[in-house]
Amino acid sequence: MSYLRFEKAVMTNLEESLRRELLRTNRSGAYSASTLVDCNTRKYHGLLVVPVPEIDDENHVLLSSFDCTVVQHGAEFNLGLHKYQGNNFSPKGHKYIREFDASLVPTTVYRVGGVVLKRETIFQAYEDRILIRYTLEDAHSATLLRFRPFLAFRSVRQFTHENSVASREYQVIDNGIKTCMYKGYPDLFMQFNKKNEFVFQPDWYRGIEYPKEQERGYASNEDLYVPGYFEVPIKKGESIIFSASTSQIKTNTLKSLFQKEIDVRVPRDNFYHCLVTAAHQFHNRQADDTRYLLAGYPWFKCRARDTFISLPGLTLAIDEADYFELVMNTAEHGLREFMAGEPLTVKIYEMDQPDVPLWAVWAIQQYAKYAGRDKAFEKYGKLLQDIVKYIEEDGHPNLRLDDNGLLYANGRDKCITWMNSRANGKPVVPRSGYIVEFNALWYNALKFCASMAAEKNDAKSAEHLEALALKTKTSFVDTFVNEYGYLLDYVDGNMMDWSVRPNQIFAVAVDYSPLSQQQMKSVVDICTRELLTPKGLRSLSPKSGGYNPMYVGPQTQRDYAYHQGTAWPWLGGFYMEACLKVYKRSRLSFIERQMVGYEDEIDYHAIGTISELFDGNPPFHGRGAMSFAMNVAEILRTMKLLEKYSYQK
């Protein structure tokens, strides 16, 4: 039985199928996304969504959907599905779905009377091209397929509506047409591997609605332009391949191209293989051959903190150190530009966040454990030295090293940590001053760099860093450890945040902890009691003031809940690392049971991947972005840790 297979009962029940999303990507940042029944429920959904750098740095929906109609004896059976205003669905093609399978490539089987039609969809890995193969598996009489393309040509953050500016012009090309609705956009090439007839019948389909936007209190409807339809006769056993792209293709190559793309796909036949495939979806290669990791889909770009946190899990944990090095080369370039006060030439956002250099050291530390300390020092030793020097000399505009050895950052009016939600222009969680994970990472960085210096016989540097680390350790314990056995989240003068938050777990999970064994155990235990869920750690304890665990409702309401009780799997990764560090093999079975909670998500929210966050209360529904890099990364890294501890005697 297939690992990601859904029967007719699930597919025809819109309450079940519409909440399940499917994502396909390529290496340029382009993607294809919708629900399992191909009914778009977000403005970010689309069959062909591509970056258009000539316009802006957003993705743009060119081809929103592509409806197929089966025609026999003059009777038409439309397999498409759209939601219109007033909770009206049309043309209800989902009722013809017999099964859906996403284990290798997303495959939908339709049955219309005696007609059985299979549709397989692939997003080409290194081109902005969506490929769909239609195979007529059974038919008792002559069959015609009719295809209607729904065009948007707009940013993922906007909507399109009927207007007189949109161009209706098109040109006939090899087995298809090319068209472009607005100046500045690339042409959209729609082609088949077989001769077809295009019937020009321009019209706007009005009032298409996106419920996911409606839930957030946003505008939620648009009009889509349909220039006409293609008609292709098909015989029993025959396959027809459709291509939509920003470039023209020789149509006689479509059949071999489709098979070539299938051949390089890894079957998603278990939890691990699903995560590996999901990890590859975050890969991004620009025209200048720089490599990045996108923070998530569908709306995230490459962010500095996310890059360094997710890099080890998305590469080293699946034995892809070469991609770690490629991404780190790009990230190091950007980090050095920032530290030198120069404009960034790389496409990495939020490089100015004060904890970014600290996470960079942590990422290199993971590389050292994987590839060896000698190789890590050879590749990144100078960067490690420069980062520590930069921080120690107060080079960062919002990171100050105080005499007590702790790092101070001002976050009262600006979000400076991963808890970055805002409301009315202000941080919802204004973490400022001595921030717990900043200083845990700082101590870890000092000890790691000191040990590397000692190994390279740089006694002077090692001695200096050890002395600074000792000062930091003493102050860390004095500042953050409270009488209740957990760590304050931040301390800013007389302001102390006593909220029980997950950021304290980093002080245990890092290789060099400033805490004693008993203090580490106490932190792990309180996180277990108050923060742990089957989907990771809550961002706030239910016992703390302001607990708001449900990420639902209008956007403002969601902003207030974003870090006030919602659960995050990537935090769960650090928790499980801390748990194994403190309790060793005695907690192996416990951690393995925790992993089951993540595997349950693989076929529930976004197929084959892990969504951005989860409600902090049962039933812990997945929310936010459909795929989030740090979550996938930390689950993969946890699986690697489990493997390591399982083999220890």
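A: Start with a term: buried means under 20% relative accessible area, exposed over 50%, and partly exposed in between (1.4 Å probe, protein chains only). This is a predicted model, where local features need pLDDT of at least 70, side-chain atom pairs count only at pLDDT 80 or more, and totals for chains, interfaces and linings use all residues. Residues are numbered from 1 along each chain as its sequence is written, and side-chain values use heavy atoms, with hydrogens and water left out.

Q: OK, is Asp 386 buried or exposed?
A: Asp 386 counts as buried, because its relative accessibility is 18%. Asp 386 sits in helix α9, residues 373-392. Helices here are DSSP runs (H or I, at least four residues), and strands are too (E, at least two), numbered from the N terminus.

Q: What does Asp 386 touch, leaving aside neighbours within four places in sequence?
A: Arg 336 and Met 339 are in contact with Asp 386. Contact means heavy atoms within 4.5 Å.

Q: New topic. Which residues of α13 are buried?
A: Met 520, Val 523, Val 524, Asp 525, Ile 526, Cys 527 and Glu 530.

Q: And what do they pack against?
A: The buried residues of α13 pack against α12 (506-509), β30 (532-533), β31 (536-538) and α15 (569-583).

Q: Now α6 and α7. Which residues meet there?
A: From α6, Thr 307, Phe 308, Leu 311, Pro 312 and Thr 315. From α7, they meet Ala 321, Tyr 323, Phe 324, Val 327, Met 328, Ala 331 and Leu 335.
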